[in-house]
Amino acid sequence: MGNKQTIFTAQQLDAYQDCTYFTRKEILRLFDRYRDLAPQLVPLDYTSHPDVKLPYELIGSMPELKDNPFRQRIAEVFSEDGEGNMTLDDFLDMFSVLSEMAPRDLKAFYAFKIYDFNDDDFLCKSDLEKTLNKLTRNELTEDEVRMVCEKVIDEADLDNDGRLSLEDFQQMIVRAPDFLR
Amino acid sequence: MTTRTRARTKLPRGNEEEERRRPRRKKEAKLRTVMRTAMREKGRREAGREEEGKEGRRRRTRRVRRGTPRGRTKERTKERTRGRTRMMTRTRRRRRRKRTTGRRQEVNFSSDSGSDSDEEESMSEGEMARLMEEVEEKKKLIATIRNKPWRMKRRLTHLREAQEFVDKFEGALGKGKGQEVKWIKFQRDFENFRTACIPWERKIKDVESHFGSSVASYFIFLRWMYGMNLVLFGFTFGLVVIPEVLMGLPYGSIPRKTVPRAEQPTAQDYSVLTDFNGFCKYSVLFYGYYNDQRTIGLLKFRLPLSYLMVGIGSFGYSLMVVIRTTPTSGGGDGDEGEFTFAWKMFTSWDYLIGNAETADNKYASITTSFKESIVDEQENQKDENIHLRRFLRVLANVMILCSLGGSGYLIYFVVKRSQEFANRDDLSWYEKNELELIMSLLGLVCPPLFETIAELEDYHPRIALKWQLGRIFALFLGNLYTFLFALFDEVNNKLVEEQSIKNASIWAMKEYYANFTRLSNDSEATPPPMDPSDVIRGPCWETAVGIEFVKLTVSDIQVTYLTILIGDFARAVIVRFLNYCWCWDLEAGFPSYGEFDISGNVLGLVFNQGMIWMGAFYAPGLVGINVLRLLSSMYYQCWAVMATNVPHERVFKASKSNNFYMGLLLLILFLSLLPVVYTIMTLPPSYDCGPFSGRAKMFDVIMETIDLDLPAFMGTLFSYAANPGLIIPAVLLMVLAIYYLNSVSEAYQNSNMELKKKMQMARDEEKNRRNNTDSTNQVMKDLEDLLPNRSLAPPTRNTPRGASVSSLSLPTKTKPGKGVNLQKDVALASPNPNAQRPVVSRPPGPRGAGPGRGRGRGGAPPS
């Protein structure tokens with residue numbers, strides 16, 4: 001349709017459309033966003049799958065993420081090397097999951113990974129404390145933080161092992177009225 | 001699952017490798033040969049060499065039967081089956097030697113049972129079925145691959161593999177695959193097109209990122225309204241206005257389409273036109289212009305019927321759309337208090353915020369809300385706080401009710417007075433405009449007053465917004481109905497007036513003809529018709545009502561836009577530029593920048609829509625005006641909010657507020673339906689204007705159509721259907737159905753509650769069991785139930801727990817959302833011989849973020 005573009009082949013675009021929740025136009029727009037972060041690094045031709053990564057500093061400075069307390073975690077979770085350096089694939093992946101089209105289950109899965117700071121597949125107290133401190137910018141006292149974390153575990157921990165597993169988390173989060181994105 | 005997929009995907013790859021080795025000449029091999037050879041080869045492999053010939057023949061016949069649909073898609077499938085072609089037309093020896101493993105693999109992965117010992121025929125049937133299943137599965141994978149939490153690279157490879165697989169085998173399986181691919185492509189293109197058609201997506205996202213989703217919800221609502229009004233506009237203009245313009249009598253042909261002679265000198269004055277008098281009054285914009293001819297033009301378009309149908313149909317359409325958009329899963333507000341803290345922690349961040357200032361506000365609000373909950377949690381048992389709050393809430397409601405009642409009485413009083421004034425001529429300017437003045441004054445004063453009072457209540461802003469909306473709604477409703485009653489008075493006056501004018505007009509007409517014959521002394525000649533602008537005509541109450549609504553809408557537009565311009569823009573300019581030379585900080589101090597007034601704007605929109613619904617029947621042009629208004633206000637308000645407003649102090653998410661807006665809209669729809677239906681059903685239409693003139697009631701048009709245009713049996717059918725003997729049972733039946741559905745839904749709700757309770761109990765039990773403190777707790781619980789002073793905490797809510805090894809790190813095992821009694825955590829039961837102890841028995845010291853560090857704790861499985 002319409003405007004010609006030479007960044008991707010038609011097959012690539014189709015594949016991306018199959019793999020994300022985006023339309024063709026959105027993918028191209030996202031590519032523009034990606035490229036705008038570092039025009040000197042990102043080539044205008046992706047037909048040959050160039051191996052380009054943008055460092056976390058660039059990703060984290062996007063307006064969408066700039067003010068997000070979890071930006072580093074988000075970048076880490078979605079990047080393939082786990083350090084926040086993103087290829088275009090990772091980039092598309094991230095926005096696909098964060099887009100409003102993505103189903104709750106998928107979002108819950110990634111949300112869990114984002115909150116799981118130490119990557120042990122469980123949300124334990126240290127994770128919760130970190131989350132809380134990021135959310136409140138360390139403005140709660142230590143006692144308060146501890147109490148909130150205890151409450152959280154108490155509320156959501158179904159199998160009672162003192163930490164939240166993915167199931168616990170999903171069980172809790174999909175019922176939240178605010179959990180949209 | 002993964003390993004299976006991997007195994008499956010081996011085959012296509014193998015094919016590719018072979019493809020490279022294969023000479024290109026095989027490309028042209030025909031599909032049928034391919035299949036035959038393949039099956040023959042397979043048969044030989046499995047059943048033995050001596051059976052080969054027979055088997056081949058049998059298979060060939062079946063292939064022929066099956067091949068027909070495939071033949072059609074041959075051209076398309078040729079490309080796809082190339083790989084398979086090559087693979088299968090190889091010499092058998094080579095194949096047997098080389099491909100046995102690959103083939104087995106295919107059998108294995110296309111069927112997990114993989115029983116090769118079946119007899120030949122059913123075997124291949126079975127394999128076909130399995131292959132088909134396989135392809136289906138792959139297709140499903142392609143459709144849902146975006147839902148898999150995989151890395152993009154992995155997803156891409158899987159997608160490619162699955163697609164190749166499907167491509168390869170689907171053609172061979174004889175499906176019309178080309179069609180399907182085209183269909184998928186079309187669907188995707190259509191989807192792309194559809195999303196490209198959604199207007200203002202970026203604008204709204206922009207606003208959303210700056211102001212949070214609550215402000216954006218207003219704009220989404222506005223866009224939705226625009227869409228709905230566009231459809232209404234299409235109906236009204238396509239079926240009423242444009243036919244009348246194209247096919248109806250032109251302006252000036254009959255009295256109702258002509259400006260009366262007395263008004264003609266001023267008919268084009270600006271002031272007259274802005275009041276929608278003069279030429280405006282006698283134009284297609286209003287009811288009175290339409291003629292009562294049964295059919296117009298060459299097409300015999302039944303305009304009066306179409307007019308009535310569009311009027312009713314737009315109500316029907318709006319009702320349908322509003323109800324459909326209102327999510328029916330009401331009551332799913334979540335279980336309050338079950339996951340208070342967990343939700344606060346994991347879902348309070350609005351991931352759409354992309355603005356530093358908003359983010360700051362959000363941080364502050366999250367911290368506050370956490371602190372609030374902590375305080376709540378700690379002081380849940382302190383009664384006086386709750387009592388105070390309750391008292392304050394009751395007080396606030398009483399005050400608001402008082403002010404609502406007061407304003408209601410004020411309106412009533414002023415309307416009474418204005419009716420008195422209506423009979424007098426010596427009125428001062430104030431007395432003339434008293435009603436409007438009081439109304440707008442109330443509209444200005446009351447909302448801020450309510451907001452101030454509402455601060456006493458101390459609700460969460462989202463709930464506060466709803467209350468505020470509801471209260472202002474009540475206030476506006478007063479305005480609306482005053483307006484309506486005034487209008488009805490006017491209509492009744494006009495109806496009385498009309499009677500006398502009607503006689504006068506007939507008399508004048510007769511006199512005119514009598515004079516003509518007398519003056520010309522020629523009784524044979526037909527007198528020329530009277531000039532249409534000289535005919536005496538009735539007041540045409542319908543047009544008057546239409547004009548009132550149009551005027552109201554236009555003045556509403558003006559007021560809204562001026563308010564934004566002065567209240568927001570001018571204020572922002574002053575604050576911004578006067579700040580350099582002022583004695584205090586204007587930006588942080590008193591005037592500051594305005595916040596976006598969600599409740600006011602939403603209500604404005606809702607009431608405006610009510611006006612449109614009520615007025616559209618009497619002024620078809622109103623819908624067009626409204627579409628223009630919504631369109632311009634989208635751009636204007638987007639600009640205004642981005643340029644002049646600041647984010648709310650407490651940014652909150654608009655979860656399900658849309659639902660609430662829709663509820664308001666539905667209410668307004670009903671309320672505006674009432675007067676329109678009342679006028680259509682009971683009031684007689686004017687005798688000399690509008691599409692229904694000359695009939696006793698407006699709906700007589702329908703009767704007329706049934707009698708004249710439909711076959712006779714339809715008429716009898718309708719007369720049966722309109723029989724009270726039939727209608728009353730129907731109504732009864734509906735009432736019964738409502739009652740039944742209501743009770744059913746209640747029963748479901750009950751069972752829902754029951755299930756929830758059961759889950760809760762199961763959870764408690766689980767916890768108890770794990771902690772091995774059942775017996776102790778049971779006793780404790782019973783004791784606690786008996787204690788009288790635990791009035792606020794529900795029974796059995798405090799489950800003191802043992803495991804007091806480290807009171808620091810152990811979670812307090814109380815019921816969520818209810819009072820924590822911290823002292824009780826310590827040593828009520830014996831130490832817990834629990835496997836989890838090591839996990840929690842360490843004091844939670846500060847830990848590094850490194851991924852490796854937490855992994856060792858408590859034997860958590862490595863990721």
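This is a predicted model: local features need pLDDT of at least 70, side-chain atom pairs count only at pLDDT 80 or more; totals for chains, interfaces and linings use all residues.

Reader: Is B:Glu455 buried or exposed?
Author: The cut-off for exposed is over 50% relative accessible area. B:Glu455 has 64% relative accessibility, so it counts as exposed.

Reader: Which residues gather with B:Glu455 in a patch of negative charge?
Author: The patch sits on the surface, and B:Glu455 is one of its members. Gathered there with B:Glu455 are B:Glu451, B:Glu595 and B:Asp597.

Reader: Over to chain A. How many helices and strands does it have?
Author: Reading from the N terminus, the elements run α-α-α-α-α-α-α-α-α-α. Of the 181 residues in chain A, buried ones make up 60%. The tally for chain A is zero strands and ten helices.

Reader: Back in chain B, why do the buried residues of α23(B) line one face of the helix?
Author: Helix α23 of chain B spans residues 700–708, and its buried residues are B:Val701, B:Thr705 and B:Ile706. Look down the axis and they fall within an arc, so they line one face. As background, an α-helix has 3.6 residues a turn, so residues three or four places apart point the same way. The arc for α23(B) is 135°.

Reader: Which exposed residues does the face of α23(B) turned away from its buried side carry?
Author: We've seen B:Val701, B:Thr705 and B:Ile706 buried in this helix. Turn to the face away from that side and you find the exposed residues B:Asp707 and B:Leu708.

Reader: Now for charge pairs. What N to O distance goes with the salt bridge of B:Arg223 and B:Glu201?
Author: In general, side chains of opposite charge can pair when their charged atoms come close. Here B:Arg223 counts as buried at 18% relative accessibility, while B:Glu201 counts as partly exposed at 27%. Their side chains meet in a salt bridge, N to O, at 2.9 Å.

Reader: How many residues apart in sequence are the parts that B:Asp292 and B:Arg256 tie together?
Author: The side chains of these two meet in a salt bridge at 4.0 Å, N to O. B:Asp292 is in the loop between α12 and α13 of chain B, and B:Arg256 is in the loop between α11 and α12, so the pair ties together parts of the chain that are apart in sequence by 36 residues.

Reader: Which helices does the pair B:Arg629 and B:Asp556 link?
Author: A salt bridge joins the side chains of B:Arg629 and B:Asp556, at 3.2 Å from N to O. The two lie 73 residues apart, and the pair links distant parts of the chain. The helices of chain B are α21 for B:Arg629 and α19 for B:Asp556.

Reader: Which residues do salt bridges that share partners join into one network?
Author: Over all chains, the count comes to eight salt bridges. Some share partners, and these join B:Arg294, B:Arg695 and B:Glu704.

Reader: One last thing: what value is phi of B:Cys540 near?
Author: Most residues other than glycine have a negative phi. B:Cys540, in the loop between α18 and α19 of chain B, is buried at 8% relative accessibility. Its phi is positive, near 50°.

Note on methods
Residues are numbered from 1 along each chain as its sequence is written. Chains are lettered from A and ligands numbered from 1 in the order in which they are written. Side-chain values use heavy atoms; hydrogens and water are left out. Patches are made of residues with over 30% relative accessible area and no salt bridge: like charges are joined within 9 Å, nonpolar side chains (Val, Leu, Ile, Met, Phe, Trp, Tyr) within 5 Å. Accessible areas come from the Shrake-Rupley method with a 1.4 Å probe; for residues, only the protein chains shown count as cover. Lys and Arg count as positive and Asp and Glu as negative; His and the chain ends are not counted. The place of a charge is taken as NZ of Lys, CZ of Arg, CG of Asp or CD of Glu. Buried means under 20% relative accessible area, exposed over 50%, partly exposed in between (1.4 Å probe, protein chains only). Helices (H or I, at least four residues) and strands (E, at least two) are DSSP runs, numbered from the N terminus. The arc is that of the directions from the helix axis to the C-beta atoms.
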